[in-house]
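Biologist: I want to know what stands behind the labels on this model. Take me through them one at a time.

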Amino acid sequence: MATGESGASLSEIKLGPGEGIAGWVAKTGKPALVNDVDSDDRHAVKVDISSGYTTQSLVAVPMVYEDSVIGVLEAVNKRYGEFEQSDLTALSAFAGLASVAIANARKFERLTSQNQQLKEQAFGKWELIGKSHAIAKLRDLIQRVAPTPTTVLITGESGTGKEVVAHQIHQLSPRENGPFVKVSCAALPETLLESELFGHERGAFTGANDRRIGRFEAAAGGTILLDEIGEITHSVQTKLLRILQEKEFERLGSGKTMTTDARLIAATNRDLKKSVESGEFREDLYYRLNVLPINVPPLREHPDDIPLLIEYFLSELSEQFPHKIRAVEDDVMDVLMSYSWPGNVRELFNLIERCAVISRSERITMELIPPEIKGTTTSGEMSGAGLDLTLPQAEEMLIRRALKLTGGNVSKTSRKLDISRDRLRYRLKKYNINPKEYR
Ligand SMILES: Nc1ncnc2c1ncn2[C@@H]1O[C@H](COP(=O)(O)OP(=O)(O)OP(=O)(O)O)[C@@H](O)[C@H]1O
Ligand SMILES: [Mg+2]
């Protein structure tokens, strides 16, 4: 993280592992004190070039937590004079405190997300609910890919139902009686992720006290879901590519080549194409994964499914909560259907669960709805278009809403929106909207 005047431009710069003086510190775990940066071969000139800033002197110390380097703290260009040993000592002391704070924050984040995952698994029926055109299309695609052994890449915003789709593919495939194994690629650091995926022999790395089979082996005859695939490092990417091409891998610390017949499904909420462009993701792996892309639409693109989703969640939740909520008041439903749901179906589920916990009546009433959901709907027609939407998203939403009101009639819609038919047609094309879907 960079602060100070050039902070914003610096935070855009990415250095590979071991690159630059900070990279050297991260790799070796040793501190560095350099007062003539220009003549130090470890210095990465690209930092200065892209920030338009000249580094003259710096001190950098590793941030260490439980024996591993989790970051580097660096101070550049002392205002007067040069950096001294005492600066290094002070920075090290600060780094020690900051490491603990950061490690704790990361742990907390991990636990929160694990908690959500456990909740979803416990709930886990993994049914795909929805009758909208968008979900019907999705279901159709699932039915076509499920019987094949092809690798599938599921993309879509967070909480849209990517994991639901992966389970559906497994359940409708000839492997339905085999195992379904999920690995969250973002949850583990590199070595642990590799040993999780491929297994390890005893003594393969510090802490590997016994032999362990990997998730690819565990998924034999079934399906393996690699969740958050956009987060994996180059080393894991290379091993995955080999699995996709040759079906081969080795356990960590073993020379014996193993083969796998698990069907691979990958999921991500990142734009992998962009990660390829920035060099973070191997292009060849991207093309291998992207044979059959499935995009799961955000909830704001199929709001007509909201009543059905709520009904489903309520019936599932009624097993846990004794006082049954049976209905949602009409004005509440209006609000929910015009909200933009940045957290998608997961956000809707969490809201309904909260209502089920705190409601004393059999109905979901307006006072149970938090202000950020109600707040965006105060201006009548523009309801839903809070600042969590971009201008194009708001435009698309308005067009869809107008089409819904006119039953897909283009002339009426253009009049309602007060634009020419040609302009409306242009926009329909731009947003890939088919007015027939609204008839
Ligand atoms: N169409 C749907 N029908 C029923 N439940 C759904 C649907 N879509 C999502 N859900 C529910 O919403 C929650 C989030 O879904 P899921 O975990 O599949 O999202 P995701 O796209 O994998 O999110 P993330 O990117 O954060 O991993 C789950 O509880 C899931 O059961
Ligand atoms: Mg998921």
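Modeller: Start with the word cavity: a set of grid points where a 1.4 Å probe fits but cannot get out. This is a predicted model, and it holds one cavity of 30 Å³ or more.

Biologist: What lines the largest cavity, and how much space lies in it?

Modeller: About 50 Å³ of space lies there. Leu314, Leu317, Ser318, Phe321, His323, Lys324, Ile325 and Ala356 form the lining. Lining residues have an atom within 4 Å of a point.

Biologist: How does that lining divide by class?

Modeller: Five residues are nonpolar, two are polar and one is charged. Lys counts as charged, and Lys324 is in the lining.

Biologist: What makes the other kind of space a pocket?

Modeller: A pocket is an open set, with protein on both sides within 12 Å along at least five of seven lines. The second largest pocket holds about 1,200 Å³ of space. Its lining has 39 residues, and those closest to the centre are Ala134, Glu301, His302, Glu396 and Arg400.

Biologist: Which helices each supply at least two residues of that pocket's lining?

Modeller: Helix H5 (133–145), H13 and helix H16 (391–406) do. By class, the lining has 14 nonpolar, eleven polar and 14 charged residues.

Biologist: Why is H12 called roughly perpendicular to H13?

Modeller: The axes of H12 (residues 306–317) and H13 (residues 330–338) cross at roughly 115°. The class runs from 65 to 115 degrees, so the label is roughly perpendicular. The axes come within 10 Å.

Biologist: Which residues make that contact?

Modeller: Ile306, Pro307 and Ile310 come from H12, and Met333, Leu336 and Met337 from H13. Contact takes heavy atoms within 4.5 Å. The contact residues are six nonpolar, no polar and no charged.

Biologist: How do you know that S2 and S3 pair?

Modeller: Pairing takes at least two bridges. Eight bridges join S2 (residues 58–65) to S3, so the two strands pair. They run antiparallel. In one of these bridges, Pro62 has Val72 of S3 as its partner.

Biologist: What is the strand order in the sheet, and why are S1 and S3 called edges?

Modeller: The order is S1-S2-S3, in an open sheet with antiparallel pairing. S1 (32–34) and S3 (68–76) each have a single partner strand, so one side of each lacks a neighbour in the sheet. The twist averages 15° from one strand to the next.

Biologist: Which helix packs on the sheet?

Modeller: Helix H2 (residues 20–28) does, touching S1, S2 and S3. Its direction makes about 150° with that of S3. Angles over 145 degrees count as roughly antiparallel, so that label applies to H2 and S3.

Notes. Residues are numbered from 1 along each chain as its sequence is written. Chains are lettered from A and ligands numbered from 1 in the order in which they are written. This is a predicted model: local features need pLDDT of at least 70, side-chain atom pairs count only at pLDDT 80 or more; totals for chains, interfaces and linings use all residues. Side-chain values use heavy atoms; hydrogens and water are left out. Helices (H or I, at least four residues) and strands (E, at least two) are DSSP runs, numbered from the N terminus. Axes are lines fitted to C-alpha atoms, for helices over the stretch in contact, and angles run from 0 to 180 degrees between N-to-C directions. Angles under 35 degrees count as roughly parallel, over 145 as roughly antiparallel, 65 to 115 as roughly perpendicular and the rest as oblique. Grid points are joined across faces, edges and corners, and a volume is the space filled by probe spheres set on the points.
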